[in-house]
Amino acid sequence: MPRTFDPFKKHETPKFFSLYQPALGAMSQMLELDAKGNRPLQMSFEEHLRALVFFHLEEHHSARHLLQVLEQDDFARSVIAPENGIKKSSFSEATNSRGLEQFMHVYQNLQAQAAGSLPKQHGELGNLMGIDGSLIDATLSMHWADYRKKSKKAKVHVGFDLNQAIPRKIYLTDGNGAERPFVSLILAEGQTGVMDRGYQSHEHFDQWQRDGTLFMCRIKAGTKKTIIKKNSIDPDSIVFFDAIVILGATEINQTKETLRLVGYEVDRVKYWIATDRYDLSAEQIAAAYKLRWDIENFFAWWKRHLKVYHLIARSEHGLMVQILAGLITYLLLAIYCHREFNERVSIQRVRQLRITIQNELRAGFYAKPPDSNFKELLLREVDAKT
């Protein structure tokens, strides 16, 4: 006989409930989502969020696949789907036309939860923010996603906290959206932007310094360097260059402001880092820039294992909803992996979580008592733990 889930027994808390629980706390003080006109909502915001978290967690490859699973899979039908099911048209309407403000609220709240609980590494290097953009393949019907003739792409611009390995800021543009203007939007006071060569701009270097914006940006090796003052270097270090310089070959493209340039070599590859951080040693500048690979790993992991870029929406609104849901899933996993294992997110833990959910389903953990619903059970769990 299947067991009934008792939310007051902490050792019997099913894993999906445990993963998803912080999202309910994030919904507190959230503006309620109302139906437009006289037609009632076929899917509440909480049900929509739950379905999209499940979509990213289980690596579904399309909206049609997700809806099929919500109808046919025992776990999805009993725990994820609305009580009366959900039709494709209602799911599409929910994704493409409403809930964006609510998804942003939950994302920002979960981000605060993660920032308050996850350990801050590399604190001696300051508050480091990896900045990068990533293209999303779009369909030709997505007219807003300009890129080039016979090709449509969108682009996400992300600020990634390198100390806590969590996404902070997110912006969406068409594929031709310039990346450099987002640096000032992404960075808060005291944060240092860590960027690759695509962000090299001598005009922006000057402006960022005038604005007090901190940055570390890799530049092209062939960039003209006029040395103003050389700093001493350790002959046994990976650092081979440290100086105050002016960048650019002519008055047209020269920096008006001096800046610091650090050169270091790893595996026979030379890196040149332009920065206005004078408080760190050259070795620390090199260490900080090497952390920038974390945002590359995040994009790769996000695409490959959370299937964020398997489109379930075609509108700009719907794509932003999908991206926010993917970021929310990542933050839930970050909180879960730290709480349960004191580790960062890994695909090993995600796969383990998927297997546990399926095993708990077979054991009857997800049988719900009469006249109860998912949100009520979780709210009772929150009350019990507090």
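Modeller: Let's start with a definition: helices (H or I, at least four residues) and strands (E, at least two) are DSSP runs, numbered from the N terminus. The model here is predicted, so local features need pLDDT of at least 70 and side-chain atom pairs 80 or more, while totals for chains, interfaces and linings use all residues. Residues are numbered from 1 along each chain as its sequence is written, and side-chain values use heavy atoms, without hydrogens and water.

Biologist: How much space lies in the second largest pocket?

Modeller: A pocket is an open set of points on a 1 Å grid over the protein atoms alone, where a 1.4 Å probe fits, with protein on both sides within 12 Å along at least five of seven lines; lining residues have an atom within 4 Å of a point. Here the second largest pocket holds about 320 Å³. It has 20 lining residues, and Q164, A165, Y330, R344 and V345 are the closest to its centre. Helix α10 gives the largest share of that lining, four residues.

Biologist: And which residue forms a salt bridge with E179?

Modeller: A salt bridge puts a side-chain nitrogen of Lys or Arg within 4 Å of a carboxyl oxygen of Asp or Glu. By this rule there are twelve. E179 pairs with K155, their closest N and O atoms 3.8 Å apart. That pair links distant parts of the chain: E179 sits in the loop between β4 and α7, K155 in strand β3, 24 residues apart.

Biologist: Are E179 and K155 buried or exposed?

Modeller: Buried means under 20% relative accessible area, exposed over 50%, partly exposed in between (1.4 Å probe, protein chains only). Both are buried. In another bridge, E296 meets R292 at 2.8 Å between the closest N and O atoms; E296 is partly exposed at 25%, and R292 is buried at 3%.

Terms used: Grid points are joined across faces, edges and corners, and a volume is the space filled by probe spheres set on the points.
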